[in-house]
Amino acid sequence: MDILFLGDSITDCSHNFTSDHLGEGYVKIISQDFPEFSVTNGGSDGFTFPRTFQKWSRMYALHPYDCAVITGGINEAGVIMNTGLSRGQAAHFLDHSQDCLRSLLAGLLGRQTARIVLVEPFLFPVPQYRISWLPVLEEIRSRIQKTASEFSSDTVLYLPVQDRLDGLAGSSGAAPYDAVTTDGVHLTRAGHRCLADAVSAALCGLSLRPVRRL
């Protein structure tokens, strides 16, 4: 199975600075668990959906993949919370992000990508100010789910992961979030292991057809 991983820093994990170009996160873990997969890490730290779409168009659009896995949405929340956008400006920004996600999904499917796994953006309430991000993140999640629903469920899968990651935190003692996140957004090694397990289960549950190579 030929898999393209796209998205933000959750996918990136410094992949340009590792010898195998896979990074040190969930993408690398999946590649180790399933050596039969051909894995490409196309993540970029700080990317929103518009920038992810631009990168795919520039670097990956000519290559067909059996499957694509996409992380994103948390940087949209960061832009809204950290740049002082008005309510109207934030809505316009999210409309554009949603349009680019839609174009990315359509572009991947148009290039014969058999299935797409769209990973739910997640967030943890540490430091405490992250709690104020949650309503914005809920709006972003709702938009991502709406966009995914515009495509057949046989081709685009929205993968919830927040509850699974929260479960890891809840089983980890006195300072539970230390087990899963370094700053409320990024994951620890155990967090990446948990995410890798969730994504791997989704990939193994897909009924994929090999892409016809020309």
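This is a predicted model: local features need pLDDT of at least 70, side-chain atom pairs count only at pLDDT 80 or more; totals for chains, interfaces and linings use all residues.
Two packed helices are described by the angle between their axes and the distance between the axes. In the case of helix α4 (residues 74–82) and helix α5 (residues 87–110), the axes come within 11 Å and cross at roughly 160°. Because angles over 145 degrees count as roughly antiparallel, α4 and α5 are described as roughly antiparallel to each other, and their crossing is right-handed. On the side of α4, the contact is made by Glu-76, Val-79 and Ile-80, while α5 contributes Ala-90, Phe-93, Leu-94 and Ser-97. Sorted by class, the residues of this contact comprise five nonpolar, one polar and one charged.

Aromatic rings were examined next, and a search of the whole structure finds five aromatic pairs. In one of them, the rings of Phe-122 and Phe-124 have centres 6.0 Å apart and planes at 50°, so this pair is classed as tilted. Phe-122, with a relative accessibility of 5%, counts as buried, and Phe-124, at 0%, likewise counts as buried. Phe-124 also forms a tilted pair with Tyr-177, for which the centre-to-centre separation is 6.0 Å and the angle between the planes is 50°. Since Phe-124 lies in the loop between β4 (115–119) and α6 (134–149), and Tyr-177 in the loop between α7 (162–170) and α8 (189–205), this pair ties together parts that are 53 residues apart in sequence. Tyr-177 has a relative accessibility of 25% and therefore counts as partly exposed. Through these ring pairs, Phe-122, Phe-124 and Tyr-177 are linked into a cluster.

Notes:
Residues are numbered from 1 along each chain as its sequence is written. Side-chain values use heavy atoms; hydrogens and water are left out. Axes are lines fitted to C-alpha atoms, for helices over the stretch in contact, and angles run from 0 to 180 degrees between N-to-C directions. Helices (H or I, at least four residues) and strands (E, at least two) are DSSP runs, numbered from the N terminus. Angles under 35 degrees count as roughly parallel, over 145 as roughly antiparallel, 65 to 115 as roughly perpendicular and the rest as oblique. A crossing is left-handed if the near helix is turned anticlockwise from the far one by less than a right angle, and right-handed if clockwise. Contact means heavy atoms within 4.5 Å. Ala, Val, Leu, Ile, Met, Phe, Trp, Tyr, Cys and Pro count as nonpolar, Asp, Glu, Lys and Arg as charged, and the others, Gly among them, as polar. Rings of Phe, Tyr and Trp (its six-membered ring) pair if their centres lie within 6.5 Å; planes under 30 degrees apart count as stacked, over 60 as edge-to-face and the rest as tilted. Buried means under 20% relative accessible area, exposed over 50%, partly exposed in between (1.4 Å probe, protein chains only).
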